[in-house]
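Open the structure in your viewer and keep the sequence panel beside it. The tour goes stop by stop, with something to select at each one.

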Amino acid sequence: MSVNTVVHLNFRGDAREALTFYQSVFGGDLAVVTYADAGNTQEPTEANQVMWGQVIAGNGFHVMAYDVPSHLPWDRGRNSFFVSLRGETTEEITAYWKNLSESATIVHPLAPSPWAPLYGMLEDRFGVVWVVDVANEHNG
């Protein structure tokens, strides 16, 4: 089994610009899924914003990012990043989730999602927000 942690940066409307910039600096491949692509548009003006994006480079650089929708709170100084924990199997991720969720605030319960076999979000007892999911062919 293999597990990876990746910095997940949160923006309000400029995630694509940031990811493009990071790609220009570090090289690698840029992948972006918009809210419209995922069929998850709640605010029409945000349809083309980034619901999920990443840059992965052969030199080891990897960063993820998204645009926090306007219906969710966002403060650049408070919740400008998540720690993304991605595993290969549902069993592996479920075990990590169980341990991380002790004394945590569950933001989104661990459950199947349109983009991953399992996805969840929690704020651990230290105030760190974890985005936990199972890799698939689109987000691996």
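Which residues form a nonpolar patch on the surface? Select Phe21, Val25 and Phe26: together they make up that patch, with about 290 Å² of accessible area. Keep in mind that this is a predicted model. Phe21 belongs to helix α1, which covers residues 15–26.

Next, select Gln42. This residue sits in the loop between β2 (29–34) and β3 (50–56). Is Gln42 buried or exposed? Its relative accessibility is 56%, so Gln42 counts as exposed, since the cut-off for that class is over 50%.

**Strand β8**

Go on to strand β8, residues 129–134. Six of its six residues are buried, so the strand is largely enclosed by the rest of the structure. Colour the two faces separately. Val129, Val131 and Asp133 are on one side, with Trp130, Val132 and Val134 on the other. Both faces are covered.

Now show the strands that pair with β8. Strand β7 (residues 116–123) pairs with β8 in the antiparallel sense, over five bridges. In this pairing, Glu123 is opposite Val129.

To find a point where they line up, select Leu85, which stands opposite Val132 in β8.

**A salt bridge**

Stay with these two strands and show the side chains of Asp133 and Arg86. They meet in a salt bridge, 2.7 Å from N to O. Why does this pair tie together separate parts of the chain? Asp133 lies in strand β8 and Arg86 in strand β5, so the bridge links parts that are 47 residues apart in sequence. Asp133 counts as buried, at 3% relative accessibility. Arg86 is buried too, with a relative accessible area of 8%. The count for the structure comes to one salt bridge.

**Leu100**

Select Leu100 in helix α2, which covers residues 90–100. What does Leu100 touch, leaving aside residues up to four places away in sequence? The list is Leu85, Leu122, Asp124, Trp130 and Val132. For a distance to check in the viewer, take Leu100 and Glu123: they are 23 residues apart in sequence, and their C-alpha atoms are 8.9 Å apart in space.

**Aromatic pairs**

How many aromatic pairs does the structure hold? There are four, and the tour ends with two of them. A pair of aromatic rings is described by the distance of the centres and the angle of the planes.

Select Tyr66 and Phe82. Their rings form a tilted pair, 6.1 Å centre to centre with 35° between the planes. Tyr66 is in strand β4 (residues 62–67) and Phe82 in strand β5 (residues 81–87), so the pair ties together parts 16 residues apart in sequence. Both residues are buried.

Finally, select Trp115 and Tyr119. This pair is edge-to-face, with 5.1 Å between the centres and 70° between the planes. Trp115 is partly exposed, with a relative accessible area of 31%, whereas Tyr119 is buried, at 11%.

Key: Residues are numbered from 1 along each chain as its sequence is written. This is a predicted model: local features need pLDDT of at least 70, side-chain atom pairs count only at pLDDT 80 or more; totals for chains, interfaces and linings use all residues. Side-chain values use heavy atoms; hydrogens and water are left out. Patches are made of residues with over 30% relative accessible area and no salt bridge: like charges are joined within 9 Å, nonpolar side chains (Val, Leu, Ile, Met, Phe, Trp, Tyr) within 5 Å. Accessible areas come from the Shrake-Rupley method with a 1.4 Å probe; for residues, only the protein chains shown count as cover. A salt bridge is a side-chain nitrogen of Lys or Arg within 4 Å of a carboxyl oxygen of Asp or Glu. Helices (H or I, at least four residues) and strands (E, at least two) are DSSP runs, numbered from the N terminus. Rings of Phe, Tyr and Trp (its six-membered ring) pair if their centres lie within 6.5 Å; planes under 30 degrees apart count as stacked, over 60 as edge-to-face and the rest as tilted. Buried means under 20% relative accessible area, exposed over 50%, partly exposed in between (1.4 Å probe, protein chains only). Contact means heavy atoms within 4.5 Å. Two strands pair if DSSP finds at least two bridges between them.
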